[in-house]
Structures are given as C-alpha cells and as structure tokens.
Amino acid sequence: MKQSIIICLSLLLSGCLDKEIIDDINIEVGVGYDLTEEEKDKYRGIILFQEFQPDGSVINRTFSGNGKLRQDILLDVSKQSSEPVVTGGLVLAILGTEISRKGIYDIIDSFQRDPSIGARVLFATAEGTAEDLVKGEYGTRGNSTYINNLIQHNIDHRDIPKTNLHIFVRDYFQKGKDPFLPRLKKIGNDKVEIDGISLFQKDKEVDILPVKDMFFFKLLVDKYSEGNFDVKLNKGENAAVKSIRSKHKISLSDNHATISIKIEGIIREYTGDALAPVVADIEKNLEKKIKKECLRLLKRFQDLGIDPVGLGQKKKTMNRNFDFKKWEDEYKTLGIDVKCNVVIEETGVIE
C-alpha cells in the first residue's frame, strides 16, 4: 500500500515539471559584453550557443542584443531564437575593454543573482571587443569550450591565479583586497592567447600585468601545484625548473610587511655540462630574481593604490577596530620585504 502511494505521488510531482529536450532548446554556453556605440550606458551582449552535429562536430552560433540589463539582452536574443534560451549551461563570460574600464559590477551582480548560473563560471577581459573575440572558430569542440579550457589549464599548470565568479565577487566585497581577471587576445580567426592579467580597483580595470610578470604575480596571490620557469646563470647556461610547487606567507607589523615565498622544483633541462656543481647557483639566482620582481610588482601596486595581494585584508584580521581609511594612506608608504627560499629536489635521472 505504501509503495502504491509513493508511486502515485511521484507521477503527480513529475507531471508538474516542464520538460526540456536538449535538441529543442538553445543552451547559453558563453557570453561577451561590450558597451554600445550609440549609448554608453547600454550593453551589447553576444550570446554563444553550440549546435552539435551527428558526426560529433560543433557549429558555433551567436545571437546579439542590446539593453541596460542582462535580462533585456536575453529577451532581445529570445526574439531572434526559434527555440527557448536556457542559461544553465553557461561556463564563460568575456568583458570588452571599454566595459572593463567603465565598471563591470552591474554585470557581475546580475550573474551572482541568477540561481541557474554556477559560481565557477570563468570571467575574463578582452583586448578590444568581446564580440570580436567570441566570433572566431576555435578548435573542434566549440568556442566556449576552447576558451574555457585555455583559461583552466593555465590556472592548473601555468601562471594564471585561480579565479572564477565566486572568487571575483569575494574579492570585490572583501575590504583590503582588490580583484583581478585573466586577459585574452585574439591572434587569428582560429586562435586566442593569454595576454596578461587585468587588475581592478573595485570594479574598474586600472592596470594590465604583462605575461612576463604573471609567474611572479601568481607567487604573491596564489600557490603553484605545478609550474615552470627558466633560470639563466652567470655564464650563460639555462636551466628549466619544472613541477614547481609554491606557497607564501604574509607577516605584518605596524608599518612593515614581509612576504615569505617557498618554492620546490625539479630541473628538467640544463644547457651546460655538469649540473650538480651549479644547483646551488640555480637556487640562488631564482631566489634573487623572484625577490627583485615581486618587490617591483608590489611597489607598482602601491603606486596605483590597489591591493590584489590582500595586505589590507590580512592587516584587518589582526586588528579588531581596523580603520580602512587610515590604512589607504599607510599602504602607500608601507615597507615591504620579500624573502624567498628555493629548494631543487631533483636534477634528473642521468648526471
């Protein structure tokens, strides 16, 4: 009897749900945002869909719309689409240069308020317009998958610090820390590359870190579980340090900060003859390089009045009645020291 009741209830409940067949809907997988040329307070959104073919290939389809709200853009796109537009598959959002400099909070806020969108959606800025960047033909699995994988593998194995919608919103609302996003550049109709890191003051892009600084930036704001860096020695030899693992620790006093960085790595390539005698030199040169470049970046952040490392947030945790207005002045003249300890764990099987 109990089983019969449960079956009846299940049938009744399932009858109340709207069914959506995947072939009969347009699933939004990526989106790009720019400012409209006519009205700078309106957005132009480019929605990216994927159409899967019987042979397994993917056709990229895009629709565009204008509006002051994200929902206005979706409504505009729905008028052009022969199938219902569904947002639950979104994995990627690209923001054009103009909108990044003007302020992106309204767009970010619309995403975090939508329960159908996951907190792990990847955001990135574009050199130029987002529309131009998403309208390429990248890879065989669709543009959104290609760009999403490009960012994710550079987070996992290269020099982009971990980032997504949740992390950006957390850093935006967290006093004493400024957010950042990876920056992308279209280099051909079939290629996109990482072009640096966009640094924000609140929701406005104020600076762009070039690719050459990304390794040192990640050491300051994140940790490496894998990584690579080439070290040049005094006599011209080069060593490739692979499988880098790192972590950092911040210590603060009244008017001074010390950032301690520990790195463990393995030498996979070396252009000289005997490697064993120069391992200590490789460690020392890498320590010296990291200290110099990290201090340069920290001074740059102080001059810009931004704090992507989160020194202010760290200071706040140490003081119950912390005054952020006072800290803004103190931060610009804060003494900062970087200590680095590099340990080469392996030098290869054959010496």
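Which strand does Lys262 lie in? Lys262 is part of strand E13, which covers residues 256–270. The model is a predicted one, in which local features need pLDDT of at least 70 and side-chain atom pairs count only at pLDDT 80 or more, while totals for chains, interfaces and linings use all residues. Residues are numbered from 1 along each chain as its sequence is written, and side-chain values use heavy atoms, with hydrogens and water left out.

**Overall make-up**

- The protein has 11 helices and 14 strands; these are DSSP runs numbered from the N terminus, with helices (H or I) of at least four residues and strands (E) of at least two.
- Along the principal axes, the C-alpha atoms fill a box of roughly 75 × 60 × 55 Å.
- The protein has 351 residues, of which 47% count as buried. Buried means under 20% relative accessible area, exposed means over 50%, and partly exposed is in between, with a 1.4 Å probe and protein chains only. The areas come from the Shrake-Rupley method with that 1.4 Å probe, and for residues only the protein chains shown count as cover.

**Helix H8**

- The buried residues of H8 include Met214, Lys218 and Val221.

**Aromatic pairs**

- The whole structure contains 17 aromatic pairs. Rings of Phe, Tyr and Trp (its six-membered ring) pair if their centres lie within 6.5 Å; planes under 30 degrees apart count as stacked, over 60 as edge-to-face and the rest as tilted.
- Phe168 and Phe200 have ring centres 5.6 Å apart and planes at 90°, so this pair is edge-to-face.
- That pair links distant parts of the chain, with Phe168 in helix H7 (residues 165–173) and Phe200 in strand E9 (residues 191–201), 32 residues apart.
- Phe168 is buried at a relative accessible area of 3%, and Phe200 is buried at 1%.
- Phe322 and Phe324 form another edge-to-face pair, 4.8 Å centre to centre with 90° between the planes.
- Phe322 counts as buried at 19% relative accessibility, and Phe324 is buried with a relative accessible area of 16%.

**Salt bridges**

- Side chains of opposite charge can pair when their charged atoms come close. There are 24 salt bridges in the structure, each a side-chain nitrogen of Lys or Arg within 4 Å of a carboxyl oxygen of Asp or Glu.
- Lys186 and Asp132 form a salt bridge whose closest N and O atoms are 3.7 Å apart. Lys186 is in strand E8 (residues 180–188) and Asp132 in helix H5 (residues 130–134), so the pair ties together parts that are 54 residues apart in sequence. Asp132 is partly exposed, with a relative accessible area of 45%.
- Asp195 and Arg183 meet in a salt bridge at 3.5 Å, N to O. This pair links distant parts of the chain, strand E9 for Asp195 and strand E8 for Arg183, 12 residues apart. Asp195 and Arg183 are both buried.
- Lys326 and Glu330 meet in a salt bridge at 3.9 Å, N to O. Both lie in helix H11 (residues 324–332), 4 residues apart, about one turn of the helix. Glu330 is partly exposed, with a relative accessible area of 28%.
- A network of salt bridges links Asp207, Lys212, Asp213, Lys289, Glu293, Arg296 and Arg300.

**Positive patch**

- Lys262 gathers with Arg120, Lys162, Lys223 and Lys247 in a patch of positive charge on the surface. Patches are made of residues with over 30% relative accessible area and no salt bridge, like charges being joined within 9 Å and nonpolar side chains (Val, Leu, Ile, Met, Phe, Trp, Tyr) within 5 Å.
- Lys and Arg count as positive and Asp and Glu as negative, while His and the chain ends are not counted. The place of a charge is taken as NZ of Lys, CZ of Arg, CG of Asp or CD of Glu.
- Lys262 counts as partly exposed at 34% relative accessibility.

**Spacing along the chain and in space**

- Ser253 lies in the loop between strand E12 (238–252) and E13, and is partly exposed with a relative accessible area of 37%.
- Ser253 and Lys289 are 36 residues apart in sequence and 25 Å apart in space, C-alpha to C-alpha.
- Ile336, in strand E14 (residues 335–346), is buried with a relative accessible area of 18%.
- Ile336 and Lys299 are 37 residues apart along the chain, and their C-alpha atoms are separated by 8.5 Å.
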